[in-house]
Amino acid sequence: MKKYYLHNGTESSGPFDIEELKAKNITTKTPVWFDGMERWKTAGEIDELVNIFISIPPIETLITEKSITLTQKTEGDEDTKEKTILGLSKTSFWVVSVILIVAIGTVVFNTLQENRRRELELKNHKTEIENHQYELKQKEIEEQKIQMEIQEKLEAERIIKEKKENTNHRLSEIAQLVTQYQTNIVEFEKKLKETAGFKLLRTASEKKEQMSLLQKNIDSLKTEINHLKSESDQLKLELEKLPK
């Protein structure tokens, strides 16, 4: 069914069918337009509308074709606005909204992923630094252990060397003392024989006392020699146990 638009000189209205136009009380001078017309016409120029007119005085102000055309565009825009959201049809609006939501969601997701990736990289870098520092510390500790072992080995060798030197020095002293004590024993034994054989101007008790003193010196030296030999044997055993 054909639909008509009307114009009152300032704005357009419609669309209307024939029955609705009758209620509008249009006249032959009322501007009318419907789909398929190139321009606005007066209702008197449209054959199918001749039976619905009412008689009114002529319109004082003539409406130019250009103003009617502009008003038609304005009406078309207003009608379109009524059927659109933010200049888009409802379908297009929702499609664009979904696309925007998906795009925003993608951006947010990618941002979160990028932040997570950066956090992991920072953690990995920090872990690598800590591992490197730990390795350096362990290497330093190992080097310190090696140095300590070297020092301990050198100290042990020094102690062993010093102990060998002291032991050998003591063995040499013991050998010299034993030789000296044995010489002294020989001299004391010689004196003891001389004292026992010679008759001197002395009493028997003085002779006995002198011989007893000589014998005591001899026994003392022999005891000391035994002690020295025992010490020598012990030192030789210890010397044999020391590392070469």
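1. Of the contacts in the protein chain with a separation of 6 or more, 59% are between residues 24 or more positions apart. Please keep in mind that this is a predicted model.

2. Next, the overall layout. The protein chain has four helices and six strands, and along the sequence they follow the pattern β-β-α-β-β-α-β-β-α-α.

3. Helix 3 deserves a look of its own. This helix covers residues 90-197, which comes to 108 residues. From the first C-alpha to the last, helix 3 reaches 155 Å, close to the 160 Å expected at 1.5 Å a residue.

4. Which residues of helix 3 are buried? They are Phe93, Ser97, Thr167, Leu171, Ile174, Val178, Tyr181, Ile185, Leu192 and Thr195. For the protein chain as a whole, buried residues make up 18% of the 244 residues.

5. Now to the outside of the model. A nonpolar patch lies on the surface, formed by Leu88, Val96, Leu100, Ile104, Val108 and Leu112. Together these residues have about 510 Å² of accessible area. Helix 3 gives the most to this patch, with five residues; Leu100, one of the patch residues, is placed in that helix.

6. Finally, the surface in total. The protein chain has an accessible surface of about 19300 Å², and carbon and sulfur atoms account for 55% of that surface.

Definitions and conventions: Residues are numbered from 1 along each chain as its sequence is written. This is a predicted model: local features need pLDDT of at least 70, side-chain atom pairs count only at pLDDT 80 or more; totals for chains, interfaces and linings use all residues. Side-chain values use heavy atoms; hydrogens and water are left out. Patches are made of residues with over 30% relative accessible area and no salt bridge: like charges are joined within 9 Å, nonpolar side chains (Val, Leu, Ile, Met, Phe, Trp, Tyr) within 5 Å. Accessible areas come from the Shrake-Rupley method with a 1.4 Å probe; for residues, only the protein chains shown count as cover. A salt bridge is a side-chain nitrogen of Lys or Arg within 4 Å of a carboxyl oxygen of Asp or Glu. Helices (H or I, at least four residues) and strands (E, at least two) are DSSP runs, numbered from the N terminus. The expected span of a helix is 1.5 Å times one less than its number of residues. Buried means under 20% relative accessible area, exposed over 50%, partly exposed in between (1.4 Å probe, protein chains only). Contact means heavy atoms within 4.5 Å.
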